[in-house]
Number of protein chains: 2
Amino acid sequence: MTDLTVGVDIGGSKIAAAVVDPAGRVLARADRTTPGRTTAPSVVEDTIVEAVTDVRAGHLVTAVGIGAAGFVDAGSTRVMFAPHLSWREEPLGERLEQRLGLPVTVDNDANAALWAEHRFGAASDADEVALITLGTGIGGALLIGGVVYRGHGGMAGEFGHTRVVPDGRPCECGRTGCWEQYCSGKALARFAREAGRDLVGPDLTAAANAGDIVAQGAFAEIGRWLGIGVANIVAGLDPAVIVVGGGVSAAGELLLNPARQALAGSLVGAEHRVIPPLRIAALGADAGMIGAADLARVGR
Amino acid sequence: MTDLTVGVDIGGSKIAAAVVDPAGRVLARADRTTPGRTTAPSVVEDTIVEAVTDVRAGHLVTAVGIGAAGFVDAGSTRVMFAPHLSWREEPLGERLEQRLGLPVTVDNDANAALWAEHRFGAASDADEVALITLGTGIGGALLIGGVVYRGHGGMAGEFGHTRVVPDGRPCECGRTGCWEQYCSGKALARFAREAGRDLVGPDLTAAANAGDIVAQGAFAEIGRWLGIGVANIVAGLDPAVIVVGGGVSAAGELLLNPARQALAGSLVGAEHRVIPPLRIAALGADAGMIGAADLARVGR
């Protein structure tokens, strides 16, 4: 009998749940809208329970894995802080275990996505991997020795808030000059707008693919910042592979070409080392859900 | 019978060798001047062999560990690039094994120093550690899960060449804005000189300790940059402890106080996490030698 688990991706706008098999295949799925930032934690919990109850009907499920956009503690049960939700030190794992009657693991959504890419996607050939997800902001995760690295307190991988410009642009985190202010969906739209093109997201990608030089310039600019930030990560961690995911990564080579150039130009000792390949994530928007399900199955 | 090994620290100015016991105690030592940058690799080898032969006389030594300022390959035998020496892809380990008739391991000097601090010094209570050494430039190393992390190609820990200022000060590495241009012995002397105090190294530390406000200001400035750079490392890796070593670290709290302030002000999620302690290294200039000897004993 196949060992099935449920993976749940809790993002800023959508809660997506799926029954996933050991090969990473999605057998069933259910989506819900994420309750707003001012909603009580119990309402978000209700929504997760509904989505899981809905999707598991008719499947023999042994565990549930959650991937949440936020800081998760080292024990993988407590969400310390989630910028898009009202959670503060929320014991999500325990609460959901009680309500669902199944073992529940909780992880950062980027950690879950990286695990999925390692098991079934763009990094299946490497044990030392950095994942950068470019959505509205930047998410990040690290694979070290073939396992997800969470650091001492569970908060490793927050590369989006490393400072790349002194006294630079103000960031939602309260500081200034954070990498995600220069390299993210939000930065992309801003670069385009400043150059006279008022488009966002997939429309910008379409315009760039259709030859719009302004849209292409905006991708070149965030791509350059991607390469600069990746060079810093490579100097510190020397990974085998860098995977770039998130909505913005749909732009593919429009983003990776300038990033590769900037990486080669910014990386210390580039002449004496193999520069790690930059690859687009293979599993798209489902990576977090599939990875969370697999982490619940195989353990952290 | 005690298992003794020799540790050798190959720095820009000095080659130091010591017989070290399993408790990290130095039983005998021998120092040599490092041959200049233009000297043939074989002359550097001769000098290492001399120092080891000298120091091991009268001791039953089972292995030799080298810590070298440079990029060492993942197999710990080959020095890919050493800025202060003429080595390029130098098979140092094999050559020394042939000449010394003992097993030889080769590692980056900062990796060796970190291992010593973990085994016998300031990080003996932690398995997730970042070491920053402030000498002329910055060296760095990572302990992950209680072992030295070298990355995929052996080059992890080169934090000194992460870029902290776009189009910033030119660096010896050929790029601009590298962290070590703002936080190192060289940066300290430059900040002091720009403010009218033409002192370097220990003289600057003495002046600051004696109340010289200009000298103290120079330490405050590199301390601030230390905190900013450490915040980036903590955002990415979430270590339990940060150890600060190298000659500049002799300034102690003169350096760490401003660094702690800048770290708390620069670290993402500082309100929702434990900020890792910054500690001065405990083993001083001998750390690399002791760590290299211990790595040769216990294996990598």
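**Strand β9 of chain B**

Reply: In this predicted model, strand β9 of chain B, which covers residues 129-134, has six of its six residues buried, so the strand is largely enclosed by the rest of the structure.

Me: Which residues of β9(B) point one way, and which the other way?

Reply: B:Val129, B:Leu131 and B:Thr133 point one way, while B:Ala130, B:Ile132 and B:Leu134 point the other way, and all of them are buried.

Me: ok, and how many bridges join β9(B) to β10 of chain B?

Reply: There are six bridges between β9(B) and β10(B), the latter being residues 138-144, and the two strands run antiparallel. They form a hairpin with three residues between them, and within this pairing B:Ala130 stands opposite B:Leu142 of β10(B).

Me: And β12 of chain B, is its pairing with β9(B) parallel or antiparallel?

Reply: That pairing is parallel, with five bridges linking β9(B) to β12(B), residues 241-245. As one example from it, B:Ile132 has B:Val244 as its bridge partner in β12(B).

Me: Switching topic: how many residues does each chain bring to the contact between A and B?

Reply: Chain B contributes 36 residues and chain A contributes 36 residues. On the side of chain B that touches chain A, the elements giving two or more residues are β6 (79-81) and α6 (213-237) of chain B, and α6(B) supplies the largest share, six residues.

Me: What kinds of residues make up that side of chain B?

Reply: The side of chain B that touches chain A divides into 19 nonpolar, eleven polar and six charged residues.

Methods. Residues numbered from 1 in each chain as written. Chains lettered and ligands numbered in written order. Predicted model: local features only at pLDDT ≥ 70, side-chain atom pairs only at ≥ 80, totals over all residues. Contact = placed C-beta atoms within 7 Å. Helix = DSSP H or I, 4+ residues; strand = E, 2+ residues; numbered from the N terminus. Nonpolar A, V, L, I, M, F, W, Y, C, P; charged D, E, K, R; others polar. Buried ≥ 20, exposed ≤ 12 C-beta atoms within 10 Å, placed from the backbone. Pairing = 2+ DSSP bridges.
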